[in-house]
Amino acid sequence: MKRILISVVMLVAATGAWALEKNDSTRLSFAGTVHDFGEISMHAGKIMCQFECVNNSDSAVVILGVLANCGCTTPVYPKGPILPGATAVVQVTYDTIGRPDGEFEKEVVLHTTAPKPRIALTVRGHAVR
């Protein structure tokens, strides 16, 4: 039973991905994909920034998941569909505690239902003692 359910889910996902590839207008537009915190204290703790996007298409876009390349970086993103013309915010928190001083650059990758399904957001800065 479990195998049948997994097969059905994979078939639906593959069919949906094919249909989305045919619609080139489905996309999220970010005002910027890089946030520079500048110089911050390595004892600052959790610092946060927001990336705002707009769905400039005629179809809803869903952020399926978000992966950070480090445990010190935590993304928060909308779980439901982003409707055409709507804006959404992806929040990224970087924790300076326990991190070395110096330059840092962390990437958060969004996986979406858009034709170009991967969107990379970057936070960077310089941690000082």
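Strand β8 (residues 118–128) runs parallel to β2, and six bridges join the two. Strands here are DSSP runs of E with at least two residues (helices are runs of H or I with at least four), numbered from the N terminus. Two strands count as paired if DSSP finds at least two bridges between them. Across from histidine 126 in β8 stands glutamate 39.

The model is predicted: local features need pLDDT of at least 70, side-chain atom pairs count only at pLDDT 80 or more, and totals for chains, interfaces and linings use all residues. Residues are numbered from 1 along each chain as its sequence is written, and side-chain values use heavy atoms, with hydrogens and water left out.

Strands β2 and β8 belong to an open sheet of four strands with mixed pairing, in the order β2-β8-β7-β4. Its edges are β2 (34–41) and β4 (63–68); each has a single partner strand, so one side of each lacks a neighbour in the sheet. Neighbouring strands of this sheet are turned by 20 degrees against each other on average, direction ignored. Axes are lines fitted to C-alpha atoms, for helices over the stretch in contact, and angles run from 0 to 180 degrees between N-to-C directions.

Another open sheet of four strands pairs in the antiparallel sense, in the order β1-β3-β6-β5. Here β1 (28–30) and β5 (73–76) are the edge strands, each with a single partner, so one side of each is left without a neighbour in the sheet. From one strand to the next, the twist averages 30 degrees.

| Strand pair | Sense | Bridges |
|---|---|---|
| β2 and β8 | parallel | six bridges |
| β1 and β3 (residues 46–55) | antiparallel | three bridges |

Valine 54 in β3 is the bridge partner of serine 29.
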